Amino acid sequence: MILQESPRVKHFGIQRKPLPLEPTILVREANRRRSSLSVGNSSEIFYGRLEFNDGLAADVPAKMPQADKAHEFMMSRTYSSPGNFDCSIGRPMRLAEIFVAAEHALKKTISNPDLQKILSSVENFEQKYMELTKGAADNYHHSWWKRYGVVLDGEIAAVCFKRGNFDLAAKSYEKVCALYAGEGWEDLLAEVLPNLAECQKSLNDEAGYLLSCVRLLSLDKGLFLSKERQAFQSEVVSLAHNEMTNHVPLDVSSLITFSGNPGPPMALCDGDTGILSVTVWSGFPDDITLDSLTLTLMATYNADEGGKLRNSNATVLKPGRNTITFPLPPQKPGSYVLGVLTGHIGQLTFRSHSFSKGGPADSDDFMSYEKPTRPILKVFKPRPLADLSASISSALLINETQWIGIIAQPINYSLKGAVLHIDTGPGLMIEESHSIEMESYKKAGQGSVGMANSGDATKDSSAAAKDCSPAADKHFEQLCLVNGKIEFPDWAGDVSSILWIPIRAIDDKLARRSS
């Protein structure tokens with residue numbers, strides 16, 4: 001009666017083919033024995049007895065004509081395979097007939113009135129079944145045969161779930177799911193985890209229900225249809241944007257992983273800012289919007305946390321590989337590895353501490369539980385980042401506008417976005433009527449270059465100074481002085497350049513153009 005009940009629709013709209021009701025081994029064995037008996041022990045046929053399923057006896061009416069029985073008695077014994085029933089007793093028995101025969105035999109062999117009462121209705125049977133199963137499970141647990149006890153806990157959970165006793169069902173299902181997950185039995189886990197999720201939703205257990213949805217999404221993709229996995233994600237997003245009573249952080253380490261990009265670690269100096277790029281893999285079936293993201297850096301030389309990088313903008317994670325950038329504030333000198341990724345989906349706070357292998361872009365293997373040892377960031381102690389020198393050494397002419405050439409050379413460091421601060425000091429002033437000029441520069445082969453003053457008394461001397469060792473593919477740009485600062489153009493980040501500044505020396509006591 002229990003097996004033939006119509007199955008209820010599972011939570012999330014999960015579609016499952018019902019398990020086959022016919023125990024095929026029982027059918028084959030019963031008919032094999034029936035076939036053997038039909039020719040090997042004809043007295044059983046004449047008396048209408050049929051033995052099957054290791055001794056289970058069923059009374060079958062003998063309605064065959066006497067002539068046919070005699071004919072069968074003369075036949076030789078034939079051993080038939082389960083799929084080849086070579087007998088003359090008629091067609092093989094069907095499962096329904098075996099059920100009827102078994103029920104008939106049981107009613108005739110059971111003499112205990114309590115047992116007959118137990119088998120009289122589904123409710124009585126379930127009650128006794130629960131008592132026996134609970135006792136057996138407790139004995140297994142007390143005997144440290146935990147796995148056998150947990151399997152019986154699953155039977156108890158199924159009956160409680162069927163009765164609507166979700167509290168007891170959830171407790172038992174949690175034990176079963178823990179066993180299946182620990183053993184890696186994902187096919188079995190996919191059968192019971194939706195039931196646990198439905199119990200948790202009925203009990204208004206938001207944290208447990210969200211975790212079950214994440215665990216369902218983390219299972220092998222082939223265990224559920226695409227629309228079923230989308231239903232899991234919809235439940236997470238819907239609950240995250242509704243009023244939640246308990247704001248418990250949700251661990252999505254099995255669903256969202258992250259790693260640094262391949263290549264050498266990012267190198268900065270003490271006090272520098274930058275942009276850190278991180279690869280994030282998403283196991284969600286559809287795009288999901290993260291309202292905020294925070295990445296923690298861990299210092300390799302101690303257990304202290306480094307800085308927390310925050311991306312306050314809404315980030316859309318696509319299924320698979322994503323590249324996320326974080327503004328990097330100044331960090332203390334040292335090496336840093338990735339720590340923990342946290343964020344928000346609506347009112348839901350999530351965290352992930354799983355690190356990806358950082359494989360190729362087309363790699364589907366995005367899970368790795370080993371903490372990365374390769375640093376993602378190295379911050380060095382303060383050191384000279386650029387060398388500033390003069391282009392030509394010569395005396396200034398009083399009260400005369402002149403070009404001073406300053407050579408800027410990066411020292412294993414990019415000057416992209418650099419700012420040069422200028423303070424002329426007393427007796428000097430920058431001519432704002434002239435623009436400041438910058439051009440690329442190649443160092444002369446014969447040696448280093450010194451301080452640069454180039455008088456503008458004559459055009460020829462100015463031109464000679466400004467064209468001092470220009471690069472073949474020369475860049476040239478006019479810049480503005482704003483509050484004593486000059487911003488370097490992007491092309492000057494990795495090449496040497498000359499900065500030409502119009503300046504005038506002021507002295508009322510000396511004659512104009514005097515040295």
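A salt bridge here is a side-chain nitrogen of Lys or Arg within 4 Å of a carboxyl oxygen of Asp or Glu. By that rule, the structure holds eight salt bridges. Keep in mind as you browse that this is a predicted model, with an average pLDDT of 76 for the protein chain and 72% of the residues scoring at least 70.

**Where to be careful**
- Residues 39-87 stay under 50 in pLDDT, and the model gives them 70 contacts beyond four places in sequence.
- Residues 445-471 also keep a pLDDT under 50, here with 59 contacts beyond four places in sequence.

- Glu126 and Lys162 join their side chains in a salt bridge, at 2.9 Å from N to O. This pair ties together distant parts of the chain, with Glu126 in helix α6 and Lys162 in helix α7 (residues 146-163), 36 residues apart.
- Lys128 meets Glu131 in a salt bridge of 3.8 Å, N to O. Both residues lie in helix α6, three residues apart, which is about one turn of the helix.
- Lys128 is partly exposed, with 31% relative accessibility, and Glu131 is partly exposed too, at 43%.
- In the salt bridge between Arg147 and Glu183, the closest N and O atoms are 2.6 Å apart. Arg147 sits in helix α7 and Glu183 in helix α8 (residues 166-183), so the pair links distant parts of the chain, 36 residues apart.
- Arg147 is partly exposed at 42% relative accessibility, as is Glu183 at 35%. Elsewhere, shared partners connect Glu126, Lys162 and Arg163 into one network of salt bridges.

**A nonpolar surface patch**
- Leu115, Leu119 and Phe125 make up a nonpolar patch on the surface, and together they have about 240 Å² of accessible area.
- Phe125 belongs to helix α6 (residues 122-142) and is partly exposed, at 31% relative accessibility.

**Buried Leu189**
- Leu189 lies in helix α9 (residues 186-202) and is buried, its relative accessible area being 5%.
- Leaving aside residues up to four places away in sequence, Leu189 touches Cys177, Tyr180, Ala181, Pro194, Arg215 and Leu219.

**Enclosed strand β8**
- Strand β8 (residues 292-299) is largely enclosed by the rest of the structure, because eight of its eight residues are buried.
- Ser292, Thr294, Thr296 and Met298 cover one side, and Leu293, Leu295, Leu297 and Ala299 the other; all are buried.
- β8 pairs with strand β12 (residues 334-345) in the antiparallel sense over seven bridges, and Ser292 stands opposite His344 in β12.

Conventions: Residues are numbered from 1 along each chain as its sequence is written. This is a predicted model: local features need pLDDT of at least 70, side-chain atom pairs count only at pLDDT 80 or more; totals for chains, interfaces and linings use all residues. Side-chain values use heavy atoms; hydrogens and water are left out. Helices (H or I, at least four residues) and strands (E, at least two) are DSSP runs, numbered from the N terminus. Buried means under 20% relative accessible area, exposed over 50%, partly exposed in between (1.4 Å probe, protein chains only). Contact means heavy atoms within 4.5 Å. Patches are made of residues with over 30% relative accessible area and no salt bridge: like charges are joined within 9 Å, nonpolar side chains (Val, Leu, Ile, Met, Phe, Trp, Tyr) within 5 Å. Accessible areas come from the Shrake-Rupley method with a 1.4 Å probe; for residues, only the protein chains shown count as cover. pLDDT is the predictor's confidence in each residue, from 0 to 100. Two strands pair if DSSP finds at least two bridges between them.
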